[in-house]
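Here are my notes on this two-part reading. Please keep the coordinates open beside them.

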Amino acid sequence: MHEWALAESVITAVVDEIRLNNIRKVTKVDVKVGELQQIDIEIFRFALENVMKAYELVLDSDAVRIEIEKNILRCEVCGKTWSFDDASCRPGEDEAEAIHFIPEIAHVYIRCPECSSPDFEIVKGRGVWIEAIEGEH
Amino acid sequence: MDPRLHIIDKRLQDIKRIIAVSGGKGGTGKSSVASVLALALAKEGYRTGLLDLDFGGPSAHVILGVEGLFPEEDKGLIPPDASGIRFMSIIYFTGDNPAPLRGKEISNAIIELLAVTLWGELDFLIIDMPPGMADTALDVIRLIKRMEFILVTTPSKLATEVTKRELAILQELRLPVLGLIENMLTGQRAGTAAKVAGDRTAFLGSIDFDSTLEHAIGDVDKLLQTGFAKQLSLCHPFK
């Protein structure tokens, strides 16, 4: 249920944006969810809807769009590029759970499949990100 | 846009005072001061949290003997109770493994932890700060408003010189510094830290080098009986 905390951060950001830019009606919120964090999208969507109610934020049902962003990791040592879901280097269940809470924990449990270095960059698909908020003024 | 940055203030809003225990130089006993201060405040009846943000070398869990705990999940992460302290650390997720993180990644992990941790109501949140004043410490300063600093140094010239610079930058940033604690005093260079404090900040007091402290690590009852804890209770500013 850690998805609730992230959903609340998204809604808080939308509310702040409304206030900052005098938005009358929010028409679109594009949310990207990085594959590395393994968010349960159904729980996340459910949490978003409930947090919106708690914050008295009314949006059209199709205004919030959630897209899963493919994860890309790149080794800082040898330059190898790979993905979290590559079966050969996917961590075990407990390790994946730790990465779910803090994606940077990937550096603890994942190694470059080419040179075994823990020194890699999370290029894309880390966690929850708001790509765009659009509205009518 | 990073939505996590928008929720951090809310996560900390029910905390009365946020105390950052910082020491420019490693090995000054910053983590011991932070951990034992948190223990002492909890024993005095204050609702106290301890957040270990020294991700490069987390050690508060070792000092407190924390084992087998994990945050409860309920619309976020609720820090577990460790000897009366709500304690949060990266070690719940890393276990005993090393965490080879670059500075940007440490900052990102800290943002995540701040965004999802539900502290609830606290009188004090004690933060064991990342060492030095590099990007991670600057990010913590940016993210956690209302921090008040306690600086920990040893009498060593190396430590006091670094502490002097840290004090200068904190004051340039107009951050409240409650004062300076001199740790591991052995008689040599006594008074050095007081000179560093000068009229720039309060000199909170000295703690003698305590050879019994090492044997008390991991046992909170023994920790609170050490000369270290007793002297800390005399010089911390929340008496």
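1. Start with helix H1 (residues 2-21) and helix H2 (residues 41-54) of chain A. Their axes come within 8 Å and cross at roughly 50°. Axes here are lines fitted to C-alpha atoms, for helices over the stretch in contact, with angles from 0 to 180 degrees between N-to-C directions. That angle makes H1(A) oblique to H2(A) (under 35 degrees counts as roughly parallel, over 145 as roughly antiparallel, 65 to 115 as roughly perpendicular, the rest as oblique). Helices (H or I, at least four residues) and strands (E, at least two) are DSSP runs, numbered from the N terminus.

2. Residues in contact (heavy atoms within 4.5 Å) include A:Trp4 and A:Ile11 from H1(A), and A:Phe44 and A:Met52 from H2(A). By class, this contact has 12 nonpolar, one polar and two charged residues. Ala, Val, Leu, Ile, Met, Phe, Trp, Tyr, Cys and Pro count as nonpolar, Asp, Glu, Lys and Arg as charged, and the others, Gly among them, as polar.

3. A caution on the source. This is a predicted model: local features need pLDDT of at least 70, side-chain atom pairs count only at pLDDT 80 or more, and totals for chains, interfaces and linings use all residues. Residues are numbered from 1 along each chain as its sequence is written, chains are lettered from A and ligands numbered from 1 in the order in which they are written, and side-chain values use heavy atoms, leaving out hydrogens and water.

4. Chain A also holds an open three-stranded sheet, ordered E4-E3-E5, with antiparallel pairing. Strands E4 (81-82) and E5 (120-124) stand at the edges with a single partner strand each, so one side of each has no neighbour in the sheet. E3 (residues 72-75) pairs with E4(A) over two bridges (pairing requires at least two DSSP bridges). A:Leu73 stands opposite A:Trp82.

5. In chain B, the axes of H5 (residues 103-116) and H6 (residues 135-143) come within 9 Å and cross at roughly 25°. That makes H5(B) roughly parallel to H6(B). Their contact residues divide into six nonpolar, three polar and three charged.

6. Finally, the interface. About 2800 Å² is buried between chain B and chain A, 61% of it from carbon and sulfur atoms (accessible area, 1.4 Å probe, lost on being put together, summed over both parts). B:Met1, B:Pro3 and B:Phe93 supply 23% of the area that chain B buries against chain A.

Note on methods. Buried area is the accessible area (1.4 Å probe) that two parts lose on being put together, summed over both.
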